[in-house]
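Work through each task before reading its solution.

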Amino acid sequence: MPRRFPSLFATGALLFFLWAPLIQLGARAAILATQNPSLWRESLFSSASRAVWVGTLELCILTAIVATILGVPVGFCLARGPKIARFVAAIGCALPLGVPPVIVAAPFVSARGVVDFPLPFAVWTLALSFYPLVALATGAAIASLPRGEEEAALLVSSARRAWFGVLGRRIWPAIAGGAGAVAALCAWEMGAPDLLGQPSFGMSVYRALNSPQVLAPGEGAARAALSGAPVPLLALLFLLPSLRALRSFSGDTQGSPTLISKFSWFGAGAAGLILGLSPGWILWELVSSLESPAATWNAIAANDDALVNTLLSATFSAAILTFGALFLLISWRRWPAKGRAFALAATLLPGLVAPIVVGVALIEWWNRALFAPLYDSSLGMVIIGHAARFFPLALALLWAPVARLNPDLGSAAQNLGASPLRALFSTEIPLLSLALAATFAVVWALCAGELSVTVLVHGPGGDTLPLPIFNLLHAGLAADVAALCLLLMALCGAAMGLAFGVVRKWR
Amino acid sequence: MKKSFFFSIFSLCLCASVVFFSACQTKTDNRVVLYCSVDEVYAKPLIKQLELQTGLQIDALFDTEATKTAGLANRIRAERARGRADVFWSSALLQTLLMSEEGLLEPYDSLNARDLPPQFRGKDWAGVGTRARVLVTRTPQSFDVATVAHLTGGSLKPVGISNVQFGTASDWATTLASRWGTPKTLHYFRALKTSDVRVLPGNGDVARQTAQGVLRFGVTDSDDYLALQRQGKSLVLMQTDKDNVLVPGAVSILKNAPHPENAKKLFDAIVSAQNETALTKQMPGVFSLRRLNQKSNWQSGGVDFSFLMNTPRDNYAKWPQTWRQIREPLNQIFR
């Protein structure tokens, strides 16, 4: 047991970091609701709240459907397309994930009809942002189909019946999982629906929190927590299919790419069209919004501090999250299965809380004299916010690669005289390098584009690029927005390229 | 062995964090923290100029467009026990006056503010430029809409305003209430609501939707109107002769400011006539408080705003009380 102490200590510290702010806020909200029971009704069931909830539900469900329609052909292309199509699809999937939805919304803000029909625009915006989740899940499911099963199915029936019947049963959970993840992300989304005028939960809480009612200290935060109470349940509801899909992946379904079913050029063309419509179209809209090179440069120069802050905070956060998650997952390997499952669940659960509520909880928790140096620093709270929001995700991304790693490799290296640190760096990290690079790149892009938590917790002089973009969009300065959006997209692309370049060179 | 490994990783992370956060926290003697609700796009270049003028390192925190001014004011209230801001530069006056009443501001009599008209100075605040609430439409109207008071007629819809709980819209509602009285003002906003007024997140949205033809009329800020004009959008300014409202900006030093001397230095620089002129040039649609009676002051962005010259100078001392009377009823009307 003493050998496990450092691991227990680190896990306890992490759980305290993730849970303490939420528990404090939850307790305050519960006390407030007990003292004033009408608050429940006001926060959850008033006509304004109903409109927000209906708007959020519509957004979640319709976006999941549209993302599925866009994502499934791209997923097939990823798994079975010609080599060049697979490459294009991979880039096309990575790009929207690295771009915050608020940027995808930018070209729609001034579109005709957006005022009268915000829902279709919001749905299309979020579907373009999140469809890669469906594509990647579908692609992974197809790639892991057992070869023998596919061959047998295609031998006894037509390709169409085989895919929609026998093989479909293996792929549907993945598609549903991807769609569920898309819906859950929509439940938390704040900036894009707000810009397009679609009622959403995140923005309503943000406004309520900032409304000019002079409340007792902390009351606004407690009200926000009450309004946000059902969001984790909603997100969990949508994420349940993802859990089922994960279970099907972790079964004995590892297979090699089959030689039987090939993705036709027609299908590749359809997938290419979708890719051209999404990242290509967004890029085109942004590039065509730019004014002269001098104006573009001025827009970037005016936000040079935000650029530096984005680079610093995203890099530091991504490094902490990636290596922190790796450290924890490795340390949990020797734990009993129940303990490991408990630790994993306790770490992942805070990821279900709406980011805006996480931001409120962080302010309430960290704004005290003890943490003054951190709270008063320009970027300290931004990094804390990134860590609190994305640690569950980093852990989820690295969980499967670490679980697949043979623990005997490290032990063997140590038996041969290597120190634990050397064993880790010489045997395990090289095997995990691709997963680490992918996690680092994804987390970097998400941190660089994070808005919901950053808008609440950032300190003076701690603006990151999404904040001026969000404000400029409201001010209607399309050229400046386009310049900053393209800069952010280039940074996300560069981070991904750099991460994979380093891994390639290392290998 | 295993223990030392975990501790070495943990120590490494801890050291890196300490180094990073120490680097983040600026301990320089010339630091000052500014909470600023003036539009970031206009304020940033001015802040850079102020840094050059004063030699201060100004760390600014801006408000988002969605929660204009009220967001920062609430943040200051939430940080009352352990304030971290030194100076609050607000693009509207109401929140500053409310904070003054709540005892959140430090009295300061700046030499640079003494040339301001007396109604634009308080014991703990000073005015910095003013904007105006203006009525805009997409195409010149064949009929006459003399003032915003006429917007309640159902035949003029759709009309757009920004959220009256935030920013200059709350100052606008307060001014109308202080001139018309609370019952008439609430009746007006109820009538607007009945005629399906569209309440949008910001004044920029009101101007944009009016330019797009989605709204027939919009009540917005003079700077937002000119911003759309500069983008070549079709937007017509209604030269209303009554019920015009000016919304002055304000600067104040916060009580228990962590850097009080630097705060005074920054306050002096912001309220100076030189900075006010720079602001009016940088941000078309903002007018000098020192030259309200000069016609040249009302030429901005190539547009003649001189119809605003005779706008009544309101009694700002009454604003906090008036706002308290109308805030909750307005909240009920527009919820």
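The model is predicted.

**Exercise 1.** Determine whether Phe189(B) is buried or exposed, and do likewise for Trp172(B).

Solution. Phe189(B) has a relative accessible area of 0%. Buried means under 20%, so Phe189(B) is buried. Trp172(B) has a relative accessible area of 1% and is therefore buried.

**Exercise 2.** Classify the aromatic pair of Tyr225(B) and Phe305(B), and locate its two members.

Solution. Step one: the centres are 6.2 Å apart, and the cut-off for a pair is 6.5 Å. Step two: the planes stand at 80 degrees; angles over 60 degrees count as edge-to-face, so the pair is edge-to-face. Step three: Tyr225(B) belongs to helix α8 (residues 222-230) of chain B, while Phe305(B) is in the loop between β12 (303-304) and α11 (319-334) of chain B. The two residues are 80 residues apart, and their pair links distant parts of the chain.

**Exercise 3.** State whether Tyr225(B) is buried or exposed, then name the aromatic cluster that contains it.

Solution. The relative accessible area of Tyr225(B) is 4%, so Tyr225(B) is buried. Tyr225(B) and Phe305(B) form one aromatic cluster with Phe287(B), Trp298(B) and Phe307(B).

**Exercise 4.** Which residue lies over the face of Trp365(A), and which has its charged end over the ring of Trp180(B)?

Solution. For Trp365(A) the residue is Arg368(A), at 4.5 Å from the ring centre. For Trp180(B) the residue is Lys184(B), whose charged end is 4.8 Å from the centre of the ring.

Technical notes:
Residues numbered from 1 in each chain as written. Chains lettered and ligands numbered in written order. Predicted model: local features only at pLDDT ≥ 70, side-chain atom pairs only at ≥ 80, totals over all residues. Heavy atoms only, no water. Buried < 20%, exposed > 50% of the residue type's maximum accessible area, 1.4 Å probe, protein only. Phe/Tyr/Trp six-rings, centres within 6.5 Å; stacked < 30°, edge-to-face > 60°. Helix = DSSP H or I, 4+ residues; strand = E, 2+ residues; numbered from the N terminus. Lys NZ or Arg CZ within 6 Å of the ring centre and 35° of its normal.
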